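Here is a short briefing on one structure. Have the sequence and the coordinates open while reading.

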Amino acid sequence: MTPVRGAEDGWEPVARTIGSPALPGGVADTLTDHGRLARGGGAARWEPLGMSVTPALDLRGIDKSYGSVKVLHDVAFCAHPGEVTALVGDNGAGKTTLVKCIGGIHPPDRGEYRFEGRPVRVGSPRDAARLGIEIVHQDLALCENLDIVQNLFLGRERRRGLALDEAAMEEMARSTLSGLAVRTMGSVRQRIATLSGGQRQTVAIARAVLWDSKVVVLDEPAAALGVAQTQQVLEIVRRLADRGLAVVLISHNMNDVFAVSDRIAALYLGRMVAQVRTADVTHRQIVELITSGVSGELGLRR
Ligand SMILES: Nc1ncnc2c1ncn2[C@@H]1O[C@H](COP(=O)(O)OP(=O)(O)O)[C@@H](O)[C@H]1O
Ligand SMILES: [Mg+2]
């Protein structure tokens with residue numbers, strides 16, 4: 001294992017806190033996997049998460065090369081049910097590569113992959129989907145010329161006898177979208193080409209949560225969105241975690257990361273340099289981890 005402080009957070013029933021800010025009554029010292037400190041609002045408050053300590057995703061020792069280029073080095077990564085885990089890192093740090101390992105698109109060359117505590121083999125997107133792991137890719141992979149319902153069920157259409165069960169699919173599309181509290185979607189028979197960037201992102205997220213998913217990974221969902229649409233997508237992200245899903249959010253935007261995440265995992269040149277609770281770190285520490293791999297006690301040992 002790379003000697004990284006903080007990467008073991010979440011691997012044990014009681015997590016160690018790292019780099020805790022000064023909080024009244026030493027509350028930060030008592031943080032466990034059963035709760036988190038509420039941010040903002042003055043005094044520190046305890047909020048139970050009410051979730052099990054077993055991570056939904058638990059990857060360790062992950063190596064991944066493309067040809068002769070080694071992209072991921074001994075990477076550890078956890079994501080917990082009911083939480084948003086932000087995956088951060090500079091361009092080229094390996095975020096998308098790690099997501100492709102998680103989703104079985106490019107399986108790791110080496111390493112352990114546990115799902116809900118059990119060792120599993122995720123060698124294809126189908127294996128991932130069977131476990132309830134869904135990826136919303138950076139490019140969304142929606143078909144412009146097809147409508148919302150067709151996109152949601154692409155390759156997994158509902159049938160009644162030999163015919164497609166259009167009514168059932170429309171109903172599922174409507175209820176899934178309204179469950180995400182999408183105000184301005186209109187008809188589920190609109191073609192993707194007619195939708196805004198935020199609406200497309202919402203359709204891609206709906207496609208990921210349509211299947212009783214347990215883990216949803218979003219690769220830069222707000223990268224191309226304006227302020228209001230970003231806000232809407234972040235609300236959806238938070239709501240998915242509040243429903244009990246383990247949500248992994250890749251983002252470059254520190255404001256977004258600090259607004260919605262419970263934990264932050266920082267990649268630096270293909271190495272996981274820290275996994276910390278969001279409440280325990282500052283913007284500045286995370287920016288330092290992203291740009292240099294080290295911030296005080298956190299990150300790579302020199
Ligand atoms: N399919 C590929 N073939 C070869 N190199 C790749 C491939 N995908 C990514 N890389 C390289 O892997 C590194 C990490 O890329 P990526 O995971 O996309 O980073 P990030 O998402 O953090 O920006 C980069 O140096 C990139 O050029
Ligand atoms: Mg990327």
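**Overview**

The protein chain has 8 helices and 17 strands. Helices (H or I, at least four residues) and strands (E, at least two) are DSSP runs, numbered from the N terminus. This is a predicted model: local features need pLDDT of at least 70, side-chain atom pairs count only at pLDDT 80 or more, and totals for chains, interfaces and linings use all residues. Residues are numbered from 1 along each chain as its sequence is written, and chains are lettered from A and ligands numbered from 1 in the order in which they are written.

- Of the 302 residues in the protein chain, 44% count as buried. A residue is buried if 20 or more other C-beta atoms lie within 10 Å of its own, exposed if 12 or fewer, and partly exposed in between, with C-beta atoms placed from the backbone.
- Take the contacts in the protein chain between residues at least 6 apart in sequence: 63% of them join residues at least 24 apart. Two residues are in contact if their C-beta atoms, placed from the backbone, lie within 7 Å.

- G104 follows α1 and has a positive phi, near 75°.
- Around ligand 1 sit Y66, V69, V71, G89, N91, G92, A93, G94, K95, T96 and T97. A residue counts as near a molecule if its C-beta atom, placed from the backbone, lies within 6 Å of it.
- α1 gives the largest share of this shell, 3 residues. β5 (69-79) and α1 each supply at least two residues.
- By class, the shell around ligand 1 has 4 nonpolar, 6 polar and 1 charged residues. Ala, Val, Leu, Ile, Met, Phe, Trp, Tyr, Cys and Pro count as nonpolar, Asp, Glu, Lys and Arg as charged, and the others, Gly among them, as polar.

**G89**

- G89 lies in the loop between β6 (84-88) and α1.
- G89 counts as buried because it has 25 C-beta neighbours inside 10 Å.
- Setting aside neighbours within four places in sequence, G89 is in contact with G94, K95, A266, L267, Y268 and I290.
- G89 and I250 are 161 residues apart along the chain, yet their C-alpha atoms are separated by 8.7 Å.

**Helix pair α5 and α6**

- The axes of α5 (residues 197-209) and α6 (residues 227-242) come within 9 Å and cross at roughly 15°. Axes are lines fitted to C-alpha atoms, for helices over the stretch in contact, and angles run from 0 to 180 degrees between N-to-C directions.
- α5 and α6 are therefore roughly parallel to each other (angles under 35 degrees count as such).
- The contact is made by G197, G198, Q201, T202, I205 and V209 of α5 and by Q229, Q232, V233, I236 and L240 of α6.
- By class, this contact of α5 with α6 has 5 nonpolar, 6 polar and no charged residues.

- Most residues other than glycine have a negative phi.
- D212 has a positive phi, near 55°, and is not a glycine. D212 is in the loop between α5 and β12 (215-219). With 7 C-beta neighbours inside 10 Å, D212 counts as exposed.
- L269 is not a glycine either, and its phi is positive at about 45°. L269 lies in the loop between β14 (263-268) and β15 (271-277). With 14 C-beta neighbours inside 10 Å, L269 counts as partly exposed.

Conventions
Angles under 35 degrees count as roughly parallel, over 145 as roughly antiparallel, 65 to 115 as roughly perpendicular and the rest as oblique.
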